[in-house]
Amino acid sequence: MNDTTSADGARPPHDTAVGDSEVDDETSAHGEVARQRRTPAVLITIATVLAIVATLTTWVKTQALDTDAWVEVSDELIAEELVQRALAVYLVDEVYELLDLPGEIEKTLPRDLKGVAAIAAAALREPATTGVERLIASDRFATAWERVNRTAHQALVNILRDENREGISATDGAVTLELGDLLRQTATDLGLSGDRLADLPDGAGSITIFSASALADAQTAVQVLDFLSWFLFLVVVVLYGLAVYLAVGRRPETLRNVGLSLIVAGVIILLLRAISVDLVAGAVVKDPSNEPMGRVVVSIATSLIEQSAWTGIITGAIIAACAWLLGTSTSAGKARRISAPLTNVSTGAFVAGSVVLALLVWWWNPGDVFGHLVTGLTTAVMLGAALIALRTLNATDVDPEATLEPTPPATNPTVDSPPAEIS
C-alpha cells in the first residue's frame, strides 16, 4: 500500500481541496436554510409596518371623505353632554356679542335702573345656556344637526374631489356648518323681538370647516389618500402571501406568524390611539378647562381606528389558530382530537352549531367589528372558513394509536432451537 502522507505528516493538496469543498458545501447549505427562514420573517415585518400605515391612511380617508362616516361621528359628538354644553356656550356668546344684549336690556329699564343692565345680562347668561342645552339635546335639534352636517360635508367632498354640483364651487371660498336657525332660536329664548333678530348679520352662526385657500394641495392629498387606501392593503396581502409561499417546509409556522403579526399590528394601533387622545387633546385645546371635551372629541373621531385595530386582532387570531391546528405539533393533534366530536357530526348539526357560535361572537362584538358591513362580513367569512377547515381536517385525521400493528408474541428460544446432532 502506498503511503499518501508526506514526510512532514502533511496531507496531499488534493485531499485538502476535497475537505475544503465539503466544508464549503455544508456552509452553503446552512446559509441557504438561514436565508429561507430570514426572507419570510423580513417580508412579514415589512407587511406589519405597512398594515399599520394602511390602517391610519384609510381612517383619514374615511373620516374626511365619507359623508356617512362624518355624519355618524357628528351625531355621536352632539350626543355628548360636554359637547352640548360647549355648543350652547358658543351660541349664547354669539347672541351676546352680535346683538349687544346688555344694551337691549338697558333700553327696557327705567332711568334709575339702567346701571344694573350689565348685571342683569350676566345673570341671564347661565339660564340661557341651560335652556339652549335642553334644545340641543332634543330630537328636533338632532334631526337638524344631521341635515346641516350632511349638507356641509357633501359640499366639502364635492369640492375636494372636484365634483362640483350646481350651487357649489371651489370659488365659494369656504365650506361652512350653518347654525343660524339655532342662533335665532337662542336669541328668541332670551326674549329678543323679531325686529332685533333681523339685525343678525348674514353668516351669523356659521362655523367654517374648510377654506378653499389651499384647495389645490387639498385635492392632491385626496388623490394620494384614494390611491394609498387600497394600494397599501394590496401590498400587505401580497407580502404576507409571498412570505408563506417562500417558507418551504415551514408554511404552517409562517402562516401562524402572519396571524401573530396582525395581532401585534392591532395592539400597536390601539396603543397609538390611546396616546394620541391625550396628546392631540392637549395640543389642540387651548383652555385647560376644555380638555375633557377635547378628549371626548378625539376619542369619538378616532373610533374607526379602534374598530380597524380590533378587526386586525381578530383576523390575526383566527389565522394563527388555523395555522396551529393545521400543524404537526403534539398539542395541535390533541386539540384536533378534542374538537373532533364537535365537528364530526351531521352537516345539519355542524351548520346549526356554527350559527350559534357566530351569533355569540356577533353578540360579543369585540371592537365593534360587526358595526360595519365590510368588517363584519370579513370576520364572518374568516370564522366560517376556519370552522370548515377544522371539520375537514378532523374528518381526514386518523388516530395514530389505531394504526399501530399488534406486537407479535415473543418466541421461546428453547422450543425453537434445533435438535442436537446424533453422532
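Colleague: The request below concerns one serine and its surroundings. Is serine 74 buried or exposed, and which residues is serine 74 in contact with, leaving aside its neighbours within four places in sequence?

Modeller: Keep in mind that this is a predicted model. Serine 74 sits in helix α2, which covers residues 67–78. Its relative accessibility is 5%. Buried means under 20%, so serine 74 counts as buried. Set aside the neighbours within four places in sequence, and serine 74 is in contact with Trp145 and Asn149.

Now the nonpolar cores. The largest one has 13 residues. Ile78, Leu87, Val132, Ile136 and Phe141 have the most contacts inside it. Three helices each supply at least two residues of this core: α3 (81–99), α5 (117–136) and α6 (139–160). Of these, α3 gives the most, with 6 residues.

Last, the whole protein. It has 16 helices and 2 strands. Of its 423 residues, 33% are buried; serine 74 is one of the buried residues. Take the contacts with a separation of 6 or more: 78% of them join residues 24 or more positions apart. The exposed surface comes to about 25800 Å². Carbon and sulfur atoms supply 63% of that area.

How values were computed: Residues numbered from 1 in each chain as written. Predicted model: local features only at pLDDT ≥ 70, side-chain atom pairs only at ≥ 80, totals over all residues. Heavy atoms only, no water. Helix = DSSP H or I, 4+ residues; strand = E, 2+ residues; numbered from the N terminus. Buried < 20%, exposed > 50% of the residue type's maximum accessible area, 1.4 Å probe, protein only. Contact = heavy atoms within 4.5 Å. Areas by Shrake-Rupley, 256 points an atom, 1.4 Å probe, with all protein chains shown as cover. Core = buried A, V, L, I, M, F, W, Y, C linked by side-chain atoms within 4.5 Å.
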